[in-house]
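Me: Please go through the fold of this model with me, one question at a time.

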Amino acid sequence: MKPKSVAASAIHDQTAVVFPNDLNAYGTLFGGRVVDLCDRVAGVVAKRHSGKSCVTLGIDSVRFLAPAKHGDILVFKASINRVWKTSMEIGVKVLKEDFRTGEQIQILSAYFTFVALDEKLRPVEIAPILPETSEEKRRYQEAEDRRQNRLRQKR
Ligand SMILES: CC(C)(COP(=O)(O)OP(=O)(O)OC[C@H]1O[C@@H](n2cnc3c(N)ncnc32)[C@H](O)[C@@H]1OP(=O)(O)O)[C@@H](O)C(=O)NCCC(=O)NCCS
């Protein structure tokens, strides 16, 4: 299969605004809500890259780095780090943006593993990626270590 670039499926600035029904009991953004949004954004990257239906196999290394509050703008960034045969790792970052100053602070990072499925819901082969920039190459290398950890945990 012909390799595809990381840029072809990457999302750089998907935005959402924090509303009152996104908040937890402390009045800050509920973690489950932001992970839900990340899963959807990462799912778009997985579908765009593979051209297939994709399901989330796992989410790991979720880190909530800072709280967000009502009215903050959330900026989602997601890109494919590596493809194996039928699975792929998508890295996601979320920033909060203060619309008054434009200041952006990272509030979340996580890795999502998706599997592409055929019409009979069986795992199906995905086109490889062609890491081009030094950052894409670093993520590509590091993704293999994370996969080995996941497979070790599975065993
Ligand atoms: C995703 C699913 C189809 C995979 O089924 P499976 O029987 O594990 O299929 P396979 O054994 O062929 O594995 C598929 C891929 O997942 C990878 N995989 C399986 N378990 C893994 C783990 N713990 N960590 C990392 N990768 C894993 C396999 O290595 C394989 O990848 P590869 O082909 O790139 O090497 C199945 O687990 C499933 O349907 N899960 C539910 C998905 C879901 O409902 N998600 C939430 C809603 S979207």
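Me: At what angle does helix 2 run to strand 4?
Reply: This is a predicted model. In it, helix 2 covers residues 134-154 and lies across strand 3, strand 4, strand 5 and strand 6. Its angle to strand 4 is about 80 degrees.

Me: Which strands stand at the edges of the sheet?
Reply: The sheet is open and has five strands, paired antiparallel in the order 2-4-5-6-3. Two strands have a single partner strand each, so one side of each is left without a neighbour in the sheet. These are strand 2 (11-17) and strand 3.

Me: How many bridges join strand 5 and strand 6?
Reply: The two strands form a hairpin with six residues between them, where Gly102 takes a positive phi near 80 degrees. One of the bridges pairs Ile90 with Phe112 in strand 6. Pairing is antiparallel, and the number of bridges is eleven.

Me: What angle does the direction of helix 1 make with that of strand 6?
Reply: Helix 1 packs on the sheet and touches strand 2, strand 3, strand 4, strand 5 and strand 6. With the direction of strand 6, the direction of helix 1 makes about 50 degrees.

Me: Which element gives the most residues to the largest nonpolar core?
Reply: This core has 32 residues, and Met88, Ile90 and Val94 have the most contacts inside it. Helix 1 (31-50), strand 4 (73-83), strand 5 (87-97) and strand 6 (104-117) each give two or more residues. The top contribution is eight residues, and it comes from helix 1.

Notes:
Residues numbered from 1 in each chain as written. Predicted model: local features only at pLDDT ≥ 70, side-chain atom pairs only at ≥ 80, totals over all residues. Heavy atoms only, no water. Core = buried A, V, L, I, M, F, W, Y, C linked by side-chain atoms within 4.5 Å. Buried < 20%, exposed > 50% of the residue type's maximum accessible area, 1.4 Å probe, protein only. Helix = DSSP H or I, 4+ residues; strand = E, 2+ residues; numbered from the N terminus. Pairing = 2+ DSSP bridges. Contact = heavy atoms within 4.5 Å. Axes fitted to C-alpha atoms, helices over the stretch in contact; angles between N-to-C directions.
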